[in-house]
Number of protein chains: 2
Amino acid sequence: MNQNKTAKAVDFDKIMDTVRVFAPATVANMICGFDILGFAVDYPGDEVLMHRVTAPGVRIRSITGDEGRLPLDADKNTVSACVKMLLEHLGISREIGVEIELIKHMPIGSGLGSSSASTVAGLFAINSLLGNPLTKEELLPFCVEGERLACGHGHADNVAPALMGGITLIRGHHPLDVIKLPVPEELYAGIVFPKVDVPTRDARQLIKEKVLLKDAVTQWGNIAGLIAGLYESDYGLISRSMHDVLIEPTRAILIPEFYVMKQIALNAGALSFGISGSGPSVVAVSRGKEIAENAANLIQQHLTDCEIDSLKYVSPVNIDGPKIL
Amino acid sequence: MNQNKTAKAVDFDKIMDTVRVFAPATVANMICGFDILGFAVDYPGDEVLMHRVTAPGVRIRSITGDEGRLPLDADKNTVSACVKMLLEHLGISREIGVEIELIKHMPIGSGLGSSSASTVAGLFAINSLLGNPLTKEELLPFCVEGERLACGHGHADNVAPALMGGITLIRGHHPLDVIKLPVPEELYAGIVFPKVDVPTRDARQLIKEKVLLKDAVTQWGNIAGLIAGLYESDYGLISRSMHDVLIEPTRAILIPEFYVMKQIALNAGALSFGISGSGPSVVAVSRGKEIAENAANLIQQHLTDCEIDSLKYVSPVNIDGPKIL
């Protein structure tokens, strides 16, 4: 039977009873690299606590930190749906039962890859529980499918860095071709999430289908410069390269005080400032923790002055991706 | 006087009597990097023999290898015009006299940076003759200006690799920001120039002003992949990345047998195949000399079968740019 054949990789005697996994938030696009670049951060992120149970099937035991926004129905919840999909792929969905506790430590719809962090945590957890039958590279397509379920499009720019850690380049989607890029040691992100609602779908729909070739050339010159800057640990080049002339002008409209925040970040010495994913979170990419911290504090102070609530995260680039706690 | 002040760098006692310089041909765009990437080759290229003479001013003594197509009038010839511009910049145009012999070893209008090779040879020659008052970086804007005089647009994608050598990235034009990229050791170019006329101006005018964002994303994913591939010496990644979905489909129309030549090159094991600059020269970028040689031979054979005359050049990536002979 095909099911048994594929299940060979899983040693049933070695399946763990329980595993707790943290998967990181991510900054998709990395300011200039729309749909191809992204990086993970150490904090925030989501946690999945997974228990093996006797009754086969995948169930959600609890979700916390989501303000009741995520479905507990295992067929509708992205995390459980992905876990189920993986068990089916391994041909052991009728033999294995798991229950999931999802602990969200980050806001939903923030532009920080909230759904990706949960999906990656869930898939990394089931893979760990089963004794790692799949490599990270093999897990990635399942994560992308999870992103499609959650957001309606199967982009990998959040799940790739969340799963692989570090800075990832998605050279192409068909077939998926993900390259890990070097991470300059002093690179920090000062992230601020202004508590306004910018659904990913809307943020994508605003973007024009056609762009001027000359602007595209500017954009890919910057993308190429950023890649070279990362390999050279050349912070000056990184700073000169991290400009988005194509997407930011449109998406910035949805983010209150965007250009004021940008000026604040650059005045504070940030290498660059821009939108994280589709927003509304913004990121001050900085050399060293102090500048990132300072930029984020000043931005948050300005939002407070404007009576806009916000959350703040300061983190180096996360290197390893998900981890077992 | 301002003239004397700027001229300080030139030691009149140390000016050479004569200098002979070779500057390399270049493959602009490097297939996927329209207007931002380019590399130099060891062969072909152009030569400038420059003589110091008593009478101030810049004159063309002779031009060979151009089939009489280039102007001997020093004001109209790009090489002499650039040399004059540099002497004026240094404030010594009234003190110094030079005569130029331009020996062209490559066809004009071939898409191999013919005008750039001449301009770079001329400017490198005068700078050498004067004892190198300018660095290569400082010479570059004069080369770009020469390109503007020759082609009507001041792109640096030929002059930058011709002057700097190796593979160059033009991150931005305003201000000019050129980065030298690493050159994987085994990278070879098998170049074939089909003797058909494709003026640069026409080739540029064919290109659409607007492109689909999704195609631009594909293109910059490939550009980013190529840069990473060069840093990693990852020939597989280089090969997967060197695809041009935006410019090639339009420009290929002007090049006879383009898609047949492409198939021949890829069948011969080339990493990639595409148009050099605005064509009509084509390039099979290959790992190792043998594949490049073989691809170029087979392509040339096919063109002969189609009764199209051609020239063939096989070369590694040139590392150092212009050299004194």
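Author: In this predicted model, the centres of domain 1 of chain A and domain 2 of chain A lie 26 Å apart, taken over C-alpha atoms. Domain 1 spans 2–181 and domain 2 spans 187–316.

Start with the contact itself. Domain 1 of chain A brings 33 residues to it, and domain 2 of chain A brings 37. Together the two domains bury about 2600 Å². Carbon and sulfur atoms give 67% of that area. Three residues stand out on the domain 1 side. Ile31(A), Cys32(A) and Phe34(A) supply 28% of the area that domain 1 buries against domain 2, more than any other three residues.

Next, the polar side of the picture. Zero salt bridges are counted between domain 1 and domain 2 of chain A. Polar contacts do occur: seven residue pairs make them across this interface, with both residues at pLDDT 80 or more.

Now the elements on the domain 1 side. Strand S1 (18–28), strand S2 (37–53), helix H4 (136–151) and strand S6 (176–181) of chain A each supply at least two residues of the side that touches domain 2. S2(A) gives the most, with seven residues.

Finally, the make-up by class. The side of domain 1 of chain A that touches domain 2 has 20 nonpolar residues, ten polar ones and three charged ones.

Note on methods:
Residues numbered from 1 in each chain as written. Chains lettered and ligands numbered in written order. Predicted model: local features only at pLDDT ≥ 70, side-chain atom pairs only at ≥ 80, totals over all residues. Heavy atoms only, no water. Domains from an automatic or database assignment. Contact = heavy atoms within 4.5 Å. Buried area = accessible area lost by both parts, 1.4 Å probe. Salt bridge = Lys/Arg side-chain N within 4 Å of Asp/Glu carboxyl O. Polar contact = N/O pair within 3.5 Å; in protein donor to acceptor, adjacent residues only side chain to side chain. Helix = DSSP H or I, 4+ residues; strand = E, 2+ residues; numbered from the N terminus. Nonpolar A, V, L, I, M, F, W, Y, C, P; charged D, E, K, R; others polar.
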